[in-house]
Amino acid sequence: SGAGDNEGGQTVGIYSAEADTRDPEPFVLDSNSTDYPAHVANLYLQVPTLDPRVAQLAQQVTASSASNYVRAKDIERYLQSNYGYTLQLPGLREPDPLASFLFQRKKGHCEYFATSMTMMLRTLGIPARIVNGFRGGEYNDLTSSYIVREKDAHSWVEVYFPEYGWVSFDPTPAGSADGSQTGWSRMGLYLDAARQVWREWIVNY
């Protein structure tokens with residue numbers, strides 16, 4: 001738990017959170033259970049009108065999969081291995097962006113990968129949802145804090161297993177590693193530390 005202040009100086013208050021840090025794989029590795037709670041099935045098995053090739057591709061990719069967990073892993077690996085990451089997308093509005101990504105362009109950003117995996121799993125009767133948040137960030141050793149920027153925004157997938165609950169998957173291919181820290185980026189950490197000191201000791205006071 002912790003406390004913080006927003007930009008206007010008003011107290012946010014105390015907040016707390018719980019996280020299950022167990023490795024989910026031993027619980028769900030052999031899962032083929034369809035014992036889904038009604039609210040999970042009603043929300044996370046919905047499938048809009050899709051190009052029929054999406055369901056066919058999901059069947060093809062998971063044809064030899066022995067469990068729902070393996071099906072999810074196989075789709076995750078398939079997308080990571082056969083599609084490319086790019087932010088350079090056509091500006092034109094596409095009538096079916098999912099089909100265009102999967103069967104024509106084969107390049108896209110994280111939302112395309114997460115949407116593809118989610119819809120493919122749902123066509124197989126496996127509850128899945130898209131999660132939006134932030135991944136990574138830069139550690140500032142001067143203030144012992146992380147800097148999370150807009151470029152760290154990310155989308156991934158959570159899949160529901162009755163034996164465990166929601167399990168995270170990330171079908172987006174890993175990007176190239178960040179380059180080594182330059183003098184300018186180090187200077188940025190000093191500036192961020194100065195801003196943090198200003199906020200905590202001057203503004204908040």
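Let's start in a loop: lysine 106 sits between helix 5 (97-105) and strand 4 (107-108). Helices here are DSSP runs of H or I with at least four residues, strands are runs of E with at least two, and both are numbered from the N terminus. Keep in mind that this is a predicted model, where local features need pLDDT of at least 70, side-chain atom pairs count only at pLDDT 80 or more, and totals for chains, interfaces and linings use all residues. Residues are numbered from 1 along each chain as its sequence is written, and side-chain values use heavy atoms, with hydrogens and water left out.

Lysine 106 has a positive phi of about 60 degrees, although it is not a glycine. Most residues other than glycine have a negative phi. Lysine 106 counts as partly exposed because its relative accessibility is 40%. The cut-offs: buried means under 20% relative accessible area, exposed means over 50%, and partly exposed is in between (1.4 Å probe, protein chains only).

Which residues does serine 100 touch, leaving aside its neighbours within four places in sequence? They are Glu94, Arg105 and Lys106, where contact means heavy atoms within 4.5 Å. Serine 100 belongs to helix 5, and it is buried because its relative accessibility is 9%.

Next up is helix 6, which covers residues 110-123. Its 14 residues reach 20 Å from first C-alpha to last, close to the 20 Å expected at 1.5 Å a residue. That expected span is 1.5 Å times one less than the number of residues. Helix 6 is mostly covered, with 11 of its 14 residues buried; among them are Cys110, Tyr112, Phe113 and Arg122. Just after helix 6 comes glycine 125, with a positive phi of about 80 degrees.

Now for the charged pairs. The structure holds four salt bridges, each being a side-chain nitrogen of Lys or Arg within 4 Å of a carboxyl oxygen of Asp or Glu. Here are some of them:

| Aspartate 51 | Arginine 53 | 2.9 Å apart |

The glutamate 158 pair links distant parts of the chain: glutamate 158 is in strand 8 (residues 153-161) and arginine 129 in strand 5 (residues 128-134), 29 residues apart. Glutamate 76 and lysine 73, on the other hand, both lie in helix 4 (residues 68-82), three residues apart, or about one turn of the helix. An α-helix has 3.6 residues a turn, so residues three or four places apart point the same way.

Finally, how confident is the predictor? That is what pLDDT gives for each residue, from 0 to 100. The protein chain has a mean pLDDT of 80, and 69% of its residues reach 70 or more. Among its elements, helix 3 (residues 52-61) has the highest mean pLDDT (98) and strand 1 (residues 2-5) the lowest (47). Over residues 1-5 the pLDDT stays under 50, and the model has 15 contacts for them beyond four places in sequence. Residues 176-182 also have pLDDT below 50, with three contacts beyond near neighbours in sequence. Where pLDDT is low, the predicted coordinates should not be read in detail.

Note on methods:
pLDDT = per-residue confidence, 0-100.
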